[in-house]
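Please read the following briefing alongside the sequence and the coordinates. It takes up overall form first and then turns to individual sites.

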Amino acid sequence: MIEELDAIQSEALNAVATVTDDAGLEALRIGFLGKKGKLTAASAGMRDVPKEQKKNVGQKLNETRQAITAALETKGAELIAAKDAAQFEGIDPTLPGRTLPKGAQHPLTLVQDEAVQILRRMGFALAEGPEIETEWHCFDALNTPADHPARNESDTFYFENGKLLRTHTSSVQIRTMEKQAPPVRIIAPGSAFRRDEIDATHLSAFHQLEGLYVDTGVTLADLKGTLEFFFRELFGEDTEVRFRPHFFPFTEPSFEVDLKLHATGQAAKWIEIAGCGMVDPAVLQSVSESRKDDAFTADGISGFAFGMGIDRLAMIKYGVPDLRLLIENDVRFLGQFA
Amino acid sequence: MNTSLKWLRDHVDFSDFSIEKLDELLTFAGIEVEGIRNIPDKLVVAKVLESVPHPDADKLSVCQVDDGSGTNRQIVCGAKNYQVGDLVPLALPGCQLEGEGGKPFEIKEGKLRGVPSLGMMCAASEIGLAKESDGLMILPEGLTPGTPMAELYPAVFELEITPNRPDCLSHLGVARELAALVGKPLLGVYDHTDSATPTSVADESIVSLQTEMCPFYTLRRIKGVKVAPSPAWLQEKLDSIGLRPINNVVDVTNYVLHEMGHPLHAFDAAKVTGPLRVREAAEGETFKALDGETYTLEPGDGVIADDQGILALAGVMGGEDSGVTESTTDILLESAYFCPTAVRRTSRRLNLHSDSSYRFERGADAYQAAGASDLAVKHILDLASGSAEETLHVAGELPAAPAAVALDNDYVRQVIGAPISDERISSILTSLGMKDSQKGWVLPTFRVDLPRAIDLVEEVARVIGLDEIPAETKARFAPASKSDASYDFCMQLGRQLAAIGFHENRTLKLISEAQLADNIAVNHRGMSPIRLKNPLNDEQDYLRPGILPGLLASAERNQRFGNRDLRFYEMGRVFTATPKGGEVENEHFALLMTGASRPRNWAAKEPSSLDIHDLLGVLDAICPGVALVPIESDAMIGACSIELGTGKKAAKLGMAGILPPARARELGLDGVVLVAEMNLKKLQTSIGQTRRFTPLPKFPASSRDTAFLVDSGLPVGRVSEFFAAQQEQLLESVELFDVFHDPSGEKLPADKKSLAYSLTYRHPDRTLESAEVETAHEKLLTALKQSLNVDFR
């Protein structure tokens, strides 16, 4: 009996050593350990083993079963490991990935959104107004003299009914104040139009970002703090900002804002980026006349306004040298902003 | 306005100011410096003594030049436009010039193709004396080699004066402003407001004022002048600011204009017949101006006329026939005040702009008229001899001087937001020429821009500068507006589209009449596109009624540049007019797709072309549950109305389809072009609903597949409608998973197609029995057969 078990074990281990696949291994398990397997058959001989040898033979039988089981398991694990290894053999991570479609928002949208997000953190809500405007909202209410050159048909697009395409987003200031009493704290990104031939630095339709804050006791110091914070958020905390006295009909005092631009390979220079000032009392007076109340002319009410070109922000932010790139919509250009 | 530093120095001692410091001073005074013509050091006059071809370069010459040092200097030069003996500007080693893009570079000794070159001969554009130039700058004869160019061409500032400051439109005006800002005395000033010449009231035999556009007019006769070229000092002054010297009399009037800012005019007295009349032109009256052009005038145009006709266009330009020439002996010198509005209207209508009209348009100082006349007479007598009449003939009245402005210093502090002392405010306003009085601050007559207290606040803020004012951060909480909601919706939609391969376009809102044909936007009946009254050209004369025309133009341009695979979206405003002429502005959203259905890649075969189902897939992604309802339309093939919801409550969001190939060819577009346009606000309302949770199913579902043949022409939508109309409670969802059509007729009859659906059944409260599912499924299939006469496979 012992010899027989030895023989079975030896036969089983040899067979396991040479098997190469899961099916063969399963066949061996059935052939030795299954209901009709060789070891199962041999174990039936336990009945004929003399009583005094039963313990030894039983022990031997267990050892043989364990040895065969262990060999089968080890071989099984080996086969899985070999299969796992084969599955990833020869992969080439240097072969490019399967391409997914790539799109992008327009750089004007991207830079506008950056500006809008900053100003929203500063408590400005968005406002809108019509692009086809009345002369009153675009010029009169903004304290622009009746014979101001900007009103000329050579500079401004008009319609037969006397309305015009707004020449700046400042008309949204008036539209907003007509509807909303102080405090007014709004920004208005939008299109504006001037009768300019299109070239590298002019577009007949361009994009502006307007800001307005009217409240009790708003000061020039508030305007300075607001715009300095904004431009440092947008262009980095080292950004140098300067305010040059200027003239606009709708603000008094008025300033132009310059940023110091450090372009590689060029001497740093100041470039004009925005116009701003304290809302002219004449503008608040116009609004009051339109509203038929004194919400904007009451004692202590004052405000500031600012406006900047979004096209210009994009040119500076992304180093775009020619405004026409922004309206040509060439995918080789647009794809650079993915 | 060109302003010469040398000229400014007549009035303020700026010897301790560098060009950079003056630049900053002007800038922070509110005077924009648009450019500085500043000749660098080590740039001298040189004479070309010899020029021989370079031994190793065809395009170069080797020159010997006299630089005034006593030793000849060798320069290798590429220009061809000079001759031996010419005088040219020479940059010596160490000279700093400005290169392209304003980048500074230094001239060094070096070798050009092996031949030593000890400097550079310059073109006018290289040293800032011209914007463009061709070849070397050839200097006038007679200059001494070695003379610094900076002596010949002193620094000139190109200034942009804001329209509120006509008082700065002269050298004296700029000098006065700067002197006040730096606290230096103003030199060489004559008391212009108080003329030393006695006046006499001009009667109608001399001049009569017949129009409101001229409230004040003076005239002085000078006899026996000798018209001749001006002396060097005067020629040089005019030359430095870009004016061409003409003769001593005309040059003096130009000098006074640029010195004091007051325009004058000199008539040849021999060409004036009878008394002068300042009147409005008659309708259709013509006038030949100094520029040689003939202008047709109308009432409202101010003119100076005599018995014979018009001599000058008031405040704008003199006449060709009445001006001072070499044969003139007696002159009539006009110094007047013309109203800004009238001068502006005339010069703009005639497109005739002069240094004179520029100043009268913005507001001259009537109180300077007599002084300006005095100064001109003094110089004319000096340069052209002759004798002036004893008195200045004066017609009309000086306009009222600006009223005193009351100012509360607390108001100044309140607007600026900084603790500025009363003393500082007083000192600033005083330095600018204002005088404190009982009634408030009395303004100088030349400050026409300060009628209100806020204007004085501006002066204080301007002089102090924002550097000194603290930066505060007053703010408010801001509730979101409707505009905020639409903005966020657009940004979210844009990001989603960018993520699935779309490039955002920003096309022009002004389009051509031809482009209107491409508009597919659904506009209400009777709405029409809006045309500009004064378009720039006929490519941009309509406001876009939809976005698609612009996207198609963009696609055509891209294809022309070799960009074939295009997925574009654009959002923005569109414009239409109601039948009554009222304008309507809407926010739209458009898609355009053309080219391959997916990016090319090594791992898959060549991608197929896009078809309409790619577009529908995109619409379904951005607007889940959207339905496409086929409609009749000439504008598109496969035109669909994009709808959300069913029946009468369905929201019609827009249109989608394929651009007809004939139109695509007309536009120069290649391949299948898929397009869609929607109303953004409607889209936002339809899909921007608040999100709600639906409980997940607790019991398993059971699926049954079925396949059947239908006529190949049957729209699948008919089958979808059938399933949607079924009342079977257990039916949870229906999915089309295969469409098969065999045009060869081998596997299926060619006029049939096979549709395969997977139907999912579920009960919310229990696991379904197989038999229940079978019953429900059979019932549906029977109904389907009856309804659409399908053949089950």
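This is a predicted model: local features need pLDDT of at least 70, side-chain atom pairs count only at pLDDT 80 or more; totals for chains, interfaces and linings use all residues.

**Overall form of chain A**

- Chain A holds twelve helices and nine strands, and 51% of its 338 residues count as buried.
- The radius of gyration of chain A is 42 Å, whereas a compact globule of 338 residues would have a value near 20 Å; along the principal axes, the C-alpha atoms of this chain fill a box of roughly 130 × 45 × 45 Å.
- Of the contacts in chain A with a separation of 6 or more, 69% are made by residues 24 or more positions apart.
- Chain A has an accessible surface of about 15,300 Å², and carbon and sulfur atoms contribute 53% of that area.

**Overall form of chain B**

- The secondary structure of chain B consists of 19 helices and 41 strands.
- Chain B is more spread out than a compact globule, because its radius of gyration of 41 Å is well over the 28 Å that the globule rule gives for 793 residues.
- The C-alpha trace of chain B spans about 125 × 80 × 60 Å along its principal axes, and buried residues make up 50% of the 793 residues.
- In chain B, 69% of the contacts between residues at least 6 apart in sequence join residues at least 24 apart.
- The accessible surface of chain B comes to about 38,200 Å², with 50% of it belonging to carbon and sulfur atoms, while the mean positions of its 80 positive and 112 negative charges are 7 Å apart.

**Two buried sites**

- A:His168 is placed in the loop between strand E3 (164-165) and helix H7 (171-179) of chain A, and this residue counts as buried because its relative accessibility is 8%, with the limit for burial set at under 20%.
- Not counting residues up to four places away in sequence, A:His168 touches A:Cys138, A:Leu142, A:Ala192, A:Arg194, A:Gln208 and A:Phe250; the side chain of A:His168 also reaches the backbone oxygen of A:Cys138 at 3.0 Å.
- A:Phe235 is 67 residues from A:His168 along the chain, and the C-alpha atoms of the two are separated by 24 Å.
- B:Ser61 belongs to strand E4 (residues 57-66) of chain B and is buried, with a relative accessible area of 8%.
- Leaving aside neighbours within four places in sequence, the contacts of B:Ser61 include B:Ser51, B:Val52, B:Pro53 and B:His54, as well as B:Ile75, B:Val76, B:Cys77, B:Lys80 and B:Tyr82.

**Backbone features**

- The peptide bond from A:Pro182 to A:Pro183 is cis, with omega near 0°, and A:Pro183 lies in the loop between H7 and strand E4 (184-193) of chain A.
- A cis peptide bond also joins A:Glu252 and A:Pro253, where omega is about -5°; A:Pro253 lies in strand E7 (residues 251-261) of chain A.
- B:Arg113 is not a glycine and yet has a positive phi of about 50°; this residue is exposed, with a relative accessible area of 56%.
- B:Asn351, in the loop between H7 and H8 of chain B, has a phi near 50°, a positive value in a residue other than glycine, and with a relative accessible area of 60% B:Asn351 is exposed.

- Helix H8 (residues 355-362) of chain B has B:Ser356, B:Ser357, B:Arg359, B:Phe360 and B:Glu361 as its buried residues, and their cover includes helix H6 (248-260), strand E23 (331-337) and helix H7 (340-349) of chain B.
- Just after H8 of chain B, B:Gly363 takes a positive phi of about 115°.

Terms used. Residues are numbered from 1 along each chain as its sequence is written. Chains are lettered from A and ligands numbered from 1 in the order in which they are written. Side-chain values use heavy atoms; hydrogens and water are left out. Helices (H or I, at least four residues) and strands (E, at least two) are DSSP runs, numbered from the N terminus. The radius of gyration is taken over C-alpha atoms; the globule rule is 2.2 Å times the number of residues to the power 0.38. Buried means under 20% relative accessible area, exposed over 50%, partly exposed in between (1.4 Å probe, protein chains only). Contact means heavy atoms within 4.5 Å. Accessible areas come from the Shrake-Rupley method with a 1.4 Å probe; for residues, only the protein chains shown count as cover. A polar contact is a pair of N or O atoms within 3.5 Å; within protein, one must be able to donate a hydrogen and the other to accept it, and residues adjacent in sequence count only if both atoms are side-chain atoms. Lys and Arg count as positive and Asp and Glu as negative; His and the chain ends are not counted. The place of a charge is taken as NZ of Lys, CZ of Arg, CG of Asp or CD of Glu.
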